[in-house]
Amino acid sequence: MTTAYPEKLQLHIDGEWVDIGNRAGIDVVNPATGATISILPKAGASDLDRALDAAAQAWSVWRDTPVAQRAAILHKAADLMRERAKAIGALMTLEQGKPLAQAVGEVMGAAGQLDVMAEEAKRCYGRVLVRQPGENSFVKYQPVGPVAAFSPWNFPVFTAIRKVAPALAAGCPIILKPAEETPASPLEMQRCLVDAGLPAGVMQTVYGDPAQVSEHLIASNVIQKISFTGSVPVGKHLMKLAAEGLKRTTMELGGHAPVLIFDDCDLEKTLDMVTTGKFRNAGQVCVSPTRFYVQQGIYDAFTRGFAERAAKVSVGDGSEGGVDMGPLANPRRPDAMARLISDAKSAGADVALGGERGEANGGFFYQPTVLTNVPTEAMIMNEEPFGPVAAMQPFATLDEAIEQANRLPLGLAAYAFTTHLRTANLVGDAIESGMVAINNLTVSPGDAPFGGVKHSGHGSEDGPDGLKAYMVTKAIHQA
Ligand code: NAD
């Protein structure tokens with residue numbers, strides 16, 4: 001079955017699907033071919049005001065809707081997403097480029113997040129404080145209010161559901177602005193929630209000029225909370241806008257994950273794991289393993305084994321079978337790869353594999369690339385590559401490896417591979433990042449806090465912490 005990409009896309013405002021009409025439009029491009037596949041309406045100021053009014057109306061209804069009823073709608077939407085996962089995944093592949101199996105997996109994972117948050121909301125217990133007989137003090141959690149959320153193009157559905165699911169579960173209406181480059185799959189996610197019975201205005205999806213939309217929504221008195229996933233500069237900008245209204249923020253701003261490979265690791269198993277992880281979604285993953293620090297004793301064997309495995313990654317149009325890695329999501333990414341790799345070569349790095357743009361055919365392809373002996377001052381050791389390139393450097397001691405891992409202002413995910421328990425414990429404690437995975441690459445299981453420290457942002461998504469991000473704490477004292 002082939003899924004056709006819709007020729008025209010819509011916005012979803014106040015329970016209505018809004019066509020382009022006389023609005024300006026944005027072209028949507030298939031990154032595997034470079035061809036324009038659809039047109040997306042841009043919300044204007046009056047559309048955004050309408051969405052804000054609808055969110056304000058919905059707030060009074062949704063916050064008082066019993067949690068069991070909210071949860072039932074989220075579970076129903078999760079079932080619909082699972083039923084429609086293949087079709088939604090096919091749209092995602094056409095707009096984002098990732099292989100179909102990864103796209104379908106993402107939709108299934110997003111459905112799971114709706115289930116998780118529906119149940120978390122039921123368990124959002126408060127506290128009763130110890131008082132004299134006849135007196136009571138309670139602590140309870142209440143929804144923060146209408147949310148404006150901005151999600152990116154690398155995981156069009158999963159990064160969005162990370163905001164939508166907890167907001168809705170907590171009792172908050174949400175206006176979502178996903179990335180304009182990958183609009184159809186988030187719209188289908190919206191459709192699942194509508195079809196599951198979500199009242200009008202509780203969730204709305206808008207697209208437009210990102211700077212105009214965010215400025216307009218964040219300035220509104222209706223919006224009480226901002227959640228953003230994307231780059232550090234945009235995160236800083238949105239925080240400044242939020243500061244004007246003293247609004248709460250959750251910021252997930254990417255990373256540059258160090259991977260510490262110790263001499264005592266299980267080499268073959270580690271290599272299988274990290275090469276698969278590196279090229280997932282063509283490396284356009286905020287927790288992608290990127291800076292490989294490999295202990296001297298196994299450096300040659302590791303870099304050789306990595307390059308051998310990376311050479312077997314099959315690159316092509318993600319809609320076709322047998323493809324491990326699709327194109328990059330937009331033309332900015334291969335340009336960024338070319339710039340970083342050329343700089344690394346000038347700085348003295350060796351190219352063990354790849355290093356060139358891929359077979360183009362109009363698409364935005366880049367070869368899986370392995371750089372070895374990369375000097376610390378090379379840009380790629382300092383700037384998030386967000387692409388299919390692994391940069392490697394040898395180290396001698398544990399302290400040296402930790403110093404390298406903590407050298408950057410970023411701190412989202414970090415990885416270590418060792419069979420030595422004490423090394424694992426020391427690394428887990430010493431690395432400055434929101435998440436550390438040891439002997440595996442799983443930092444996003446859904447029930448654990450997902451978020452960074454330092455310039456990688458603040459606040460956690462997923463699990464109980466992710467739900468609380470959409471709630472305020474209230475103390476009530478009765479005498
Ligand atoms: P960018 O900084 O232009 O945009 C990043 C995201 O923010 C996009 O989704 C974009 O639509 C949105 N955005 C941009 N300006 C905005 C504004 N004023 N208000 C609201 N949203 C806005 O960069 P890009 O070229 O799309 O990606 C470049 C870098 O961003 C990547 O190399 C990576 O470091 C980072 N990024 C991180 C994630 C993540 O998961 N943390 C996702 C996508 C991109």
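Reader: Which residues does Ala169 touch, not counting residues up to four places away in sequence?
Author: This is a predicted model, in which local features need pLDDT of at least 70, side-chain atom pairs count only at pLDDT 80 or more, and totals for chains, interfaces and linings use all residues. Residues are numbered from 1 along each chain as its sequence is written. With contact meaning C-beta atoms, placed from the backbone, within 7 Å, and leaving out residues up to four places away in sequence, Ala169 touches Arg70, Ala71, Leu74, Met117, Ala118, Glu120, Ala121 and Leu467.

Reader: Is Val287 buried or exposed?
Author: Val287 lies in the loop between helix H9 and strand S13 (E runs of at least two residues), and its contacts include Leu412 and Val443. A residue is buried with 20 or more other C-beta atoms within 10 Å of its own, and exposed with 12 or fewer. Because Val287 has 25 C-beta neighbours inside 10 Å, it counts as buried.

Reader: How far apart are the C-alpha centres of domain 1 and domain 2?
Author: Domain 1 covers 11-253 and 456-478, and domain 2 covers 257-446, with bounds from an automatic or database domain assignment. Although 22 residues of domain 1 are in contact with 24 of domain 2, the distance between the C-alpha centres is 30 Å.

Definitions and conventions:
Helix = DSSP H or I, 4+ residues; strand = E, 2+ residues; numbered from the N terminus.
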